[in-house]
Amino acid sequence: MYKESPVEVSQKEITFKVEELEPFLSSPQLDMATPQPCKIELKDGSTMLIREVKDKEIPMLLDYVKKFMETGAKDFYDIVGARIYAELLGYLRNRLKDPYLFVGAIDGEIVGFANGRVRDKDLNISLHTMAFKRGLRIGATLYYRKLVYAFEEQKNQEVWSTFESYNGLKRWGIGMAQPSYPYPEYQHELGGARVFYVDQQYWNAAVKDYVKEMVGNELDYDVEDELLEKNEELVMP
Ligand SMILES: CC(C)(COP(=O)(O)OP(=O)(O)OC[C@H]1O[C@@H](n2cnc3c(N)ncnc32)[C@H](O)[C@@H]1OP(=O)(O)O)[C@@H](O)C(=O)NCCC(=O)NCCS
């Protein structure tokens with residue numbers, strides 16, 4: 001955009017360092033809680049560690065989810081893969097506000113991924129969850145971990161979700177009997193879809209037992225060093 005200056009100026013051009021511009025484009029981090037690692041025994045007897053994604057793991061996650069965009073739409077893995085790809089880049093390039101990323105790992109292999117972001121002190125936005133190994137309710141557990149993070153660690157008041165797939169709707173929308181806000185007055189940031197939500201009261205009254213009912217076990221935060229070490233260097237399945 002161009003407009004004549006209303007006064008005489010001593011410099012006709014003013015330049016900026018990119019370091020001066022970056023604060024306008026990056027989001028300042030709020031006071032986010034650091035998620036603690038936890039573990040859970042799955043129905044086949046294996047132990048899944050859930051911990052934050054390390055920066056060095058993002059390139060292999062990008063390569064992996066990219067494949068879903070190329071291999072097709074079965075179970076909506078393509079659209080969810082594409083959106084996770086963008087969110088991983090958003091995290092790497094610092095173009096997401098207060099993101100958090102979890103992986104589930106079994107014996108050094110990444111079996112699932114879940115992410116979200118803290119919109120403000122009250123509202124936590126669930127972004128995506130993906131199971132790389134099917135049939136063990138890994139995705140169900142990883143989404144639940146996001147709710148624990150929001151309600152117990154961040155002390156947010158609400159989590160907003162939306163669902164692209166029947167499996168996601170079945171697992172968490174129907175599975176947790178989540179209410180939804182009037183549509184289209186309220187829209188989720190993922191494509192303007194319906195907002196399903198859990199708030200603190202509903203979390204405490206109804207959702208806390210979800211993973212126990214689904215998996216038969218609770219998340220356990222007493223994680224031995226041996227399990228952390230076993231899942232220190234992860235590979236994709
Ligand atoms: C949604 C999702 C995370 C749920 O993961 P999950 O809880 O681990 O559950 P799965 O998808 O593996 O399995 C769902 C059900 O179908 C069965 N199933 C489906 N495909 C299966 C497969 N290939 N092998 C074994 N079981 C399968 C499972 O046994 C399970 O049955 P259950 O409800 O009795 O446990 C996962 O389906 C996924 O990653 N989908 C693609 C991405 C997506 O849709 N994300 C959510 C966006 S809203």
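Modeller: Helices (H or I, at least four residues) and strands (E, at least two) are DSSP runs, numbered from the N terminus. Residue numbers start from 1 along each chain as its sequence is written. The model is predicted: local features need pLDDT of at least 70 and side-chain atom pairs count only at pLDDT 80 or more, while totals for chains, interfaces and linings use all residues.

I take α3 (77-92). The loop between α2 (58-71) and α3 holds Asp75, whose phi is near 55°, a positive value in a residue other than glycine. Asp75 counts as partly exposed because it has 14 C-beta neighbours inside 10 Å; the class lies between buried (20 or more other C-beta atoms within 10 Å) and exposed (12 or fewer), with C-beta atoms placed from the backbone. The loop between α3 and β3 (99-106) contains Asn94. Asn94 is also not a glycine and has a positive phi, near 60°. With 13 C-beta neighbours inside 10 Å, Asn94 is therefore partly exposed.

As for the ligand, 19 residues surround it, the closest being Arg134, Gly135, Gly139, Ser165 and Gly168. Helix α3 is one of the elements that give two or more residues to this shell, along with β5 (123-131), α4 (138-153) and α5 (166-174). The shell comprises eight nonpolar, six polar and five charged residues. Here Ala, Val, Leu, Ile, Met, Phe, Trp, Tyr, Cys and Pro are nonpolar, Asp, Glu, Lys and Arg charged, and the others, Gly among them, polar.

Notes. A residue is near a molecule or strand if its C-beta atom, placed from the backbone, lies within 6 Å of it.
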